Amino acid sequence: MENVIYNTSVYFDNAYSPQWFQDAFAQRIIKSIDKGNVVGPCAIDTKILGIIPPERLSGGTKTLLLMHFMPQNVYNATTCSDNCAYWILRIATQKDLTINLYHLMDFGNGKFTATVANTGDVVHTMFDLVPIAAKCLRETPDMHFR
């Protein structure tokens with residue numbers, strides 16, 4: 001897929017704004033994924049690493065923040081683990097979001113709406129997604145969701 005930002009960590013490091021960390025939704029993402037509390041525009045207090053700058057956030061958190069603040073881009077969500085799936089679905093309810101995946105992410109047991117751009121199929125559950133995703137991953141090494 002053209003125009004995908006594959007190295008989301010480097011992109012984030014060069015694109016984020018300190019104001020992002022004042023946003024309550026962003027703070028919830030950071031707390032959920034990296035177990036961190038924002039203590040200032042460039043300081044996050046984490047259980048494991050102590051106080052870190054935004055550049056030391058996990059790749060998943062960085063990707064989610066990019067999706068939230070810059071949804072017009074297509075991001076490689078392969079940098080995200082399954083713990084990011086909930087947040088991807090939350091962001092997608094607020095913004096038109098397209099992601100690129102090289103693995104089958106577990107979006108849980110709930111209902112959602114996603115279009116598999118590779119095939120045009122609209123799915124609403126993991127039960128719907130798994131056979132289509134498996135076929136896409138066998139035929140081409142990536143999936144694109146809208």
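Helices (H or I, at least four residues) and strands (E, at least two) are DSSP runs, numbered from the N terminus. Two strands pair if DSSP finds at least two bridges between them. With those terms in hand, look at the model. It is predicted, so local features need pLDDT of at least 70 and side-chain atom pairs count only at pLDDT 80 or more, while totals for chains, interfaces and linings use all residues. Residues are numbered from 1 along each chain as its sequence is written, and side-chain values use heavy atoms, with hydrogens and water left out.

Start with the sheet. Three strands form an open sheet in the order β2-β3-β4, with antiparallel pairing. Its edge strands are β2 (36-40) and β4 (50-52), each of which pairs on one side only. On average, neighbouring strands of this sheet are turned by 30 degrees against each other, direction ignored. Such angles run from 0 to 180 degrees between N-to-C directions, and the axes are lines fitted to C-alpha atoms, for helices over the stretch in contact.

How many bridges join β2 to β3? There are four, and β3 covers residues 43-46. β2 and β3 make a hairpin with two residues between them. Find Gly36, and its bridge partner in β3 is Thr46. Now go on to β4. Three bridges join β3 to β4, and these strands run antiparallel. They form a hairpin too, with three residues between them. Thr46 turns up here as well: it stands opposite Gly50 in β4.

Lys35 is placed in the loop between α2 and β2. Its phi is near 55 degrees, a positive value in a residue other than glycine. Helix α2 (residues 24-34) lies across β2 and β3 and runs at about 135 degrees to β2.

Next comes helix α3, residues 59-69. Is α3 mostly covered or mostly uncovered? It is mostly covered, with nine of its eleven residues buried. Buried means under 20% relative accessible area, exposed means over 50%, and partly exposed lies in between (1.4 Å probe, protein chains only). The buried residues of α3 include Gly60, Leu64 and His68. What do they pack against? Their partners are α1 (8-15), α2, β5 (74-76), α4 (85-94) and β6. Contact here means heavy atoms within 4.5 Å.

Side chains of opposite charge can pair when their charged atoms come close. A salt bridge is a side-chain nitrogen of Lys or Arg within 4 Å of a carboxyl oxygen of Asp or Glu. A search of the whole structure finds one. The side chains of Asp13 and Lys62 meet in a salt bridge, at 2.8 Å from N to O. Asp13 lies in helix α1 and Lys62 in helix α3, so the pair ties together parts that are 49 residues apart in sequence. Why does Lys62 count as buried? Because its relative accessibility is 1%. Asp13 counts as partly exposed because its value is 29%.

Now turn to strand β1 (residues 4-5), where Ile5 lies. Ile5 counts as buried because its relative accessibility is 14%. Leave aside its neighbours within four places in sequence, and Ile5 is in contact with Tyr11, Asn73, Val74, Tyr75 and Asn76. Ile5 and Ile132 are 127 residues apart in sequence, and their C-alpha atoms are 24 Å apart in space.

Met1, Tyr6 and Tyr102 make a nonpolar surface patch of about 260 Å². Patches are made of residues with over 30% relative accessible area and no salt bridge; like charges are joined within 9 Å, and nonpolar side chains (Val, Leu, Ile, Met, Phe, Trp, Tyr) within 5 Å. Accessible areas come from the Shrake-Rupley method with a 1.4 Å probe, and for residues only the protein chains shown count as cover. Tyr102 lies in the loop between β6 (99-101) and β7 (114-116). Tyr102 counts as partly exposed because its relative accessibility is 32%.

Arg138 is exposed, with a relative accessible area of 67%. The C-alpha atoms of Arg138 and Asp82 are separated by 20 Å, and these residues are 56 apart along the chain.
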